[in-house]
Amino acid sequence: MRKGTKRKTNQDNVSKTNQPPRPTRTKPSKPESEPEYFEDQRNLEDLWKETFPVGTEWDQLDTVYQFKWDFSNLENAFEEGGVLHGKKVYLFGCTEPQLVMFKGENKVVCIPVVVAVVSPFPPSDKIGINSVQRESEEIIPMKQMKMDWVPYIPLEGRDSQVDRLKSHKIFILRCTQRRSALKHLKLDRLKKYEYCLPYFYQPFKEDELEQSTEVQIIYPAEPKPVFCEFDWELDELEEFTDKLIEEEELLEDQKDAFKEFVKEKVREAKKANREAREARKKAIADMSEETKSAFETMRFYKFYPVQSPDAPDVSNVKSPFINRYYGKAHEVL
């Protein structure tokens with residue numbers, strides 16, 4: 001039995017070795033994939049995004065970044081031969097809602113703008129808060145609105161610790177208010193962010209208020225208050241008051257009280273103008289020659305995004321005006 005079993009096994013092995021080889025399955029060759037190319041990041045590519053767009057409504061922030069805006073003009077300004085090359089620069093952002101054309105359609109777009117201030121020191125540590133709805137203007141430390149000037153670190157230097165970088169040439173205005181915490185803010189505090197304007201005081205230039213001869217009048221009359229502007233150089237108070245009565249904006253029996261109210265507002269405005277002039281003269285007198293030179297050579301540059309296929313063309317809506325504090329830019333790019 002054992003021999004039979006063994007013989008059978010040998011026969012099986014022989015039969016197996018005599019079988020033709022099983023054909024091997026050939027795997028289809030994979031087509032060689034095209035090599036992927038990734039565009040190198042430019043050293044200042046995110047500079048415009050890092051500057052906080054002051055005064056932009058919180059719910060509009062995302063719409064600012066819906067387009068691929070091209071600020072290569074801002075980046076090039078820091079290269080050799082550019083207007084900002086080798087200079088100490090302070091940057092802040094803002095937005096300008098404009099009706100522009102994009103892909104054959106007119107639409108209102110929040111256009112991002114970057115303002116560059118060439119200065120050896122921060123142009124201001126304050127923020128102005130003003131709007132049509134607010135009765136008065138506020139000038140407050142920007143830190144109260146969680147804003148401050150911070151160094152901008154170019155991409156190639158991000159691995160270095162900030163305090164180890166020997167010198168900073170670019171500073172940006174940044175806001176540390178977290179959007180996730182906005183729901184906990186009171187409405188008035190929330191609205192303040194929308195009315196913020198970067199503040200700047202130029203002691204060598206007369207302020208608009210110093211030159212103004214107009215006063216805003218809000219007279220608390222019944223049945224409705226009287227809103228008007230009175231110019232103490234151009235308007236004659238008696239005629240001005242009679243015209244309001246004629247137009248039924250003011251009642252006859254309110255005439256004398258209204259005139260006294262306007263006179264008091266004019267006295268207050270003249271006093272404010274006088275104090276502003278005196279404060280400006282004192283600021284200049286107390287200023288070092290180095291600071292005087294810095295103010296006199298300070299320059300403002302306003303950058304709009306350049307034309308690109310991925311964003312609306314804004315070349316027809318550029319304006320040199322920055323805001324009521326800074327006035328106009330020396331150059332628009």
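Q: At roughly what angle do the axes of helix 7 and helix 8 cross?
A: Two packed helices are described by the angle between their axes and by the distance between those axes. In this predicted model, the axes of helix 7 (residues 237–246) and helix 8 (residues 255–285) cross at roughly 130° and come within 10 Å. Helix 7 is therefore oblique to helix 8.

Q: Is the crossing of helix 7 and helix 8 left-handed or right-handed?
A: The crossing of these two helices is right-handed.

Q: Which residues of helix 7 and helix 8 meet?
A: Helix 7 brings Leu 237, Glu 238, Phe 240, Thr 241, Asp 242, Leu 244 and Ile 245 to the contact. On the side of helix 8, the partners are Lys 255, Phe 258, Lys 259, Val 262 and Lys 263. Sorted by class, this contact has six nonpolar, five charged and one polar residues.

Q: How many cavities of 30 Å³ or more does the count give?
A: The count comes to one cavity of that size, with a volume of about 60 Å³ for the largest cavity.

Q: Which residues line the largest cavity, and which elements give two or more of them?
A: Its lining consists of Trp 48, Lys 49, Thr 51, Pro 53, Val 64, Tyr 65, Gly 93, Cys 94, Pro 112, Val 113 and Val 114. Helix 2 (47–50), strand 1 (89–102) and strand 2 (105–118) each supply two or more residues. The largest share, three residues, belongs to strand 2.

Q: How do the lining residues of the largest cavity divide by class?
A: Eight are nonpolar, two are polar and one is charged.

Methods:
Residues are numbered from 1 along each chain as its sequence is written. This is a predicted model: local features need pLDDT of at least 70, side-chain atom pairs count only at pLDDT 80 or more; totals for chains, interfaces and linings use all residues. Side-chain values use heavy atoms; hydrogens and water are left out. On a 1 Å grid over the protein atoms alone, a cavity is a set of points where a 1.4 Å probe fits but cannot get out, and a pocket is an open set with protein on both sides within 12 Å along at least five of seven lines; lining residues have an atom within 4 Å of a point. Grid points are joined across faces, edges and corners, and a volume is the space filled by probe spheres set on the points. Helices (H or I, at least four residues) and strands (E, at least two) are DSSP runs, numbered from the N terminus. Ala, Val, Leu, Ile, Met, Phe, Trp, Tyr, Cys and Pro count as nonpolar, Asp, Glu, Lys and Arg as charged, and the others, Gly among them, as polar. Axes are lines fitted to C-alpha atoms, for helices over the stretch in contact, and angles run from 0 to 180 degrees between N-to-C directions. Angles under 35 degrees count as roughly parallel, over 145 as roughly antiparallel, 65 to 115 as roughly perpendicular and the rest as oblique. A crossing is left-handed if the near helix is turned anticlockwise from the far one by less than a right angle, and right-handed if clockwise. Contact means heavy atoms within 4.5 Å.
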